[in-house]
Amino acid sequence: MRKVLIITGPAGDAQGWGDLSVTEEVCKAINEGDNSAEIAFVNDMTEFYKAIEEKEYDIIWSCLYYINSKSDTIGLNEDGEWFADIFDERKIPYIGPNAATMKALINKTATHDILTAKGISVPYHYQVDRNDKLPALTYPAFVKPSYESRSVGISDDSVVNSEAELKKRVAYIHDTYDQPALVEEYLPGDEYTVLMLGNGQHQEFLPGQVLVDPTLFGKYPILRSDLRGVGATKIRPAGEYSDQANELCSQAMEALNCLDHVRADMRMDASGVLKIIEVNGIPGLKPIKSWSPQMFTMHHASGDEAQDYKKLVNHIVTSALARFDLI
């Protein structure tokens, strides 16, 4: 039996799989499996260092990228410490991608650039900082924060149809989130997502199509932040696009060096081509409501969603332990 130290804090709901109640569900699932776990809730770096230096564990699983008192946004924490950096420096086993990958996944421009360099399909994109000249575009286009997740900063106003609308939305991102705006090709087609679980012999890809009740949409069929994590989205089989979505995800995971539990979201362009819009390094783990549990149940249904959730969590842990030769 191995012991997992789970780290969370005030920003858990914004940065990672959910708030403390979700972390407690993850902990419970591990303790009901073949390993044990305990939670360290850390409010600052002093408490973080105390936890990793004084507690007993074989591997760490953090739902935080770094300490942040905000519960609604992420950002890059360019002047602070990322937990994965510290784990890497101290050679502490941990679940999830390494520090370089985590930072690339939060920085959507970096993600797109890495994938583009490998010939992997993504929307056209421009990062626009304050005082940058606006790019020349074919409209409609899509504008969102560069360093967020969970559809933060996305609304009907994200779809722009003129230079005047583009200028206004870019300024909104700068002023509201204090970060560059990412201007992308607007993808009007259906949304798909693929969950990568595990590594090596434990690895599998679970594809699905994202469904939302059309009455919940505004002017455009886009996923706003208020539709995330509240049970408004459902996952159904990806059908004829399963192989295409899996291949796209597999290529992205290899290009980005993703590990253990990562999800690739993608949408179809106007020509029916799937393009990756985001890769999430800490996917949500709210029982039933989050996409990871929904997708696992869809592909491994036992008739008991609670049992499926336990299997999902322990699959992630077992695969990570195997990666560090801890089994």
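Colleague: Which residues in H3 meet residues in H4?

Modeller: Please bear in mind that this is a predicted model. Met45, Phe48, Tyr49, Ile52 and Glu53 in H3 meet Phe83, Ile86, Phe87 and Arg90 in H4.

Colleague: How is such a pair of helices described?

Modeller: In general, two packed helices are described by the angle between their axes and by the distance between the axes. Here, helix H3 covers residues 45-54 and helix H4 covers residues 83-90. Their axes come within 13 Å and cross at roughly 35°. The crossing in which H3 passes H4 is right-handed.

Colleague: Let us turn to a single helix. How many residues has H8, and how far does it reach?

Modeller: Helix H8, residues 242-256, has 15 residues. From its first C-alpha to its last it reaches 21 Å, close to the 21 Å expected at 1.5 Å a residue.

Colleague: Which residues of H8 are buried, and which are exposed?

Modeller: The general idea comes first. An α-helix has 3.6 residues a turn, so residues three or four places apart point the same way. In H8, the buried residues are Ser242, Ala245, Asn246, Leu248, Cys249, Ala252, Met253 and Leu256. These residues cover an arc of only 165° around the axis, and therefore they sit on the same side of H8. Asp243 and Glu254, on the other side of H8, are exposed.

Colleague: What covers the buried residues of H8?

Modeller: The cover includes helix H5 (99-106) and helix H6 (108-117), together with strands S8 (191-197), S9 (204-212), S11 and S12.

Colleague: Now to the strands. How do S11 and S12 pair?

Modeller: Strands of a sheet pair through backbone hydrogen bonds, either parallel or antiparallel. Strand S11 (residues 261-268) and S12 pair in the antiparallel sense, over 6 bridges. Within this pair, Arg267 stands opposite Lys275 in S12. The hairpin of S11 and S12 has 5 residues between the strands, and there Gly272 takes a positive phi near 85°.

Colleague: Is S12 mostly covered or mostly open?

Modeller: Strand S12 (residues 274-280) is mostly covered, with 7 of its 7 residues buried.

Colleague: In what order do the strands of the open sheet with S1 stand?

Modeller: The order is S2-S1-S3, and the pairing of these 3 strands is parallel. Strand S2 (36-41) and strand S3 (59-62) are the edge strands, each pairing on one side only. Neighbouring strands of this sheet are turned by 25° against each other on average, direction ignored. Strand S1 (residues 3-8) is joined to S3 by 4 bridges, and Ile7 stands opposite Ser62 in S3.

Colleague: Which helices lie across strands of this sheet?

Modeller: Helix H2 (residues 20-31) lies across S1, S2 and S3 and runs at about 160° to S2. Helix H10 (residues 305-323) lies across S1 and S3 and runs at about 135° to S3.

Colleague: Is Thr8 buried or exposed, and which residues is it in contact with?

Modeller: Thr8 lies in strand S1. The relative accessible area of Thr8 is 0%, so it is buried. Leaving aside neighbours within four places in sequence, the contacts of Thr8 include Leu20, Thr23, Ile39 and Cys63.

Colleague: And is Ala306 buried or exposed?

Modeller: Ala306 lies in helix H10 and, at 58% relative accessibility, counts as exposed.

Notes: Residues numbered from 1 in each chain as written. Predicted model: local features only at pLDDT ≥ 70, side-chain atom pairs only at ≥ 80, totals over all residues. Heavy atoms only, no water. Buried < 20%, exposed > 50% of the residue type's maximum accessible area, 1.4 Å probe, protein only. Helix = DSSP H or I, 4+ residues; strand = E, 2+ residues; numbered from the N terminus. Pairing = 2+ DSSP bridges. Axes fitted to C-alpha atoms, helices over the stretch in contact; angles between N-to-C directions. Contact = heavy atoms within 4.5 Å. Expected span 1.5 Å × (residues − 1). Arc of directions from axis to C-beta. Left-handed = near helix turned anticlockwise from the far one by under 90°.
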